[in-house]
Each structure stands twice: as C-alpha cells, then as structure tokens.
Amino acid sequence: MESKKNTKPAKLKIRKGDLVKVIAGDSKGSQGKIVEIIIDKNRAIVEGANLVSKHTKPNAANPNGGIVKQEAAIHISNLALVEPSTGKTTRVGRKLNDAGKLVRVSKKSGEEIK
C-alpha cells in the first residue's frame, strides 16, 4: 500500500492574508482574513470563524485558566475567496501576466488578485 506522505500537496488557490467567506459548516456566511494555512491537511484558520471553546489550565499568560474561545481550522473546500473590488465570492484561476509571471486571477471579473 502506498503512503500519502510521499505525495506532493495540492496547489492551494488561497493564501495567508486573503479575505475569504465560509460557504459551508457551522460558520457559514462569516467572513474573515486567513491567519494561517496548514498545507499538509488542506485546512486554514480564518479570523473570527469556526470558534471553539478550549478549556485551559492556569498558566503564566492566563493565571485563572478557564474556557477560551479560539478559531479552529476549516477545510479549504469550505472557503471561497472574496474579490476585493466587488466584495462577492469568486473562484480562482491562474494565468501568465505581461511580465511572464504566473498570477492568480478572478474567474468572475478576470482581474488579477494581489
């Protein structure tokens, strides 16, 4: 049986800092910036979306401990990129620009995504 560890991870169409909208799951409809991407699991952590309660022991940062709300990872298939110019969700394509560099482009408007 072949292990999945040797396979190359898929090329992701979203990046850290992108504004995305959650299109499926408990946080459906919420928007936020991507804080972190976990490439090997195809997941992303989105600011203000998919909040979970985490029980913490007392430590130096939090002397009383207790329950802390924090963002959990969401699978990238449940996220859609929000186009900066229109504010609507779009799919992402890739195209060579004038300088010969491969850039991400919006499928709806055809504009380059920064």
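**Overall build**

The model is predicted. The protein holds zero helices and 10 strands. Along the sequence the pattern reads β-β-β-β-β-β-β-β-β-β. The radius of gyration is 18 Å, well over the 13 Å that the globule rule gives for 114 residues, so the protein is more spread out than a compact globule. Along the principal axes, the C-alpha trace spans about 55 × 45 × 25 Å.

Burial can be stated briefly. Of the 114 residues, 25% count as buried. The accessible surface comes to about 8500 Å². Carbon and sulfur atoms own 51% of that surface.

Contacts along the chain come next. Take the contacts with a separation of 6 or more: residues 24 or more positions apart account for 37% of them.

Charge is counted by side chain. There are 24 positive and 11 negative side chains in the protein. The centres of these two sets lie 3 Å apart.

**The open sheet**

Six strands form an open sheet, in the order β6-β3-β2-β1-β7-β8. The pairing is antiparallel. Strands β6 (73-75) and β8 (89-90) stand at the edges, each with a single partner strand, so one side of each is left without a neighbour in the sheet. Strands of a sheet pair through backbone hydrogen bonds, either parallel or antiparallel.

| Strand pair | Bridges | Direction | Facing residues |
|---|---|---|---|
| β1 (residues 19-22) and β2 (residues 31-38) | three | antiparallel | V20 and G32 |
| β2 and β3 (residues 43-46) | four | antiparallel | E36 and I45 |
| β7 (residues 79-82) and β8 | two | antiparallel | V82 and T89 |

**Following the pairs**

Strand β2 takes part in two of these pairings. Towards β1, three bridges join the strands, and V20 stands opposite G32 in β2. Towards β3, there are four bridges, with E36 standing opposite I45 in β3.

How many residues lie between β2 and β3 in their hairpin? Four residues lie between the two strands. One of the turn residues, N42, has a positive phi of about 55°.

At the β8 edge of the sheet, two bridges hold the pairing with β7. There, V82 has T89 in β8 as its bridge partner.

Note on methods
Residues numbered from 1 in each chain as written. Predicted model: local features only at pLDDT ≥ 70, side-chain atom pairs only at ≥ 80, totals over all residues. Heavy atoms only, no water. Rg over C-alpha atoms; globule rule 2.2 N^0.38 Å. Buried < 20%, exposed > 50% of the residue type's maximum accessible area, 1.4 Å probe, protein only. Contact = heavy atoms within 4.5 Å. Areas by Shrake-Rupley, 256 points an atom, 1.4 Å probe, with all protein chains shown as cover. Lys, Arg positive; Asp, Glu negative; His and termini not counted. Charge placed at Lys NZ, Arg CZ, Asp CG, Glu CD. Pairing = 2+ DSSP bridges.
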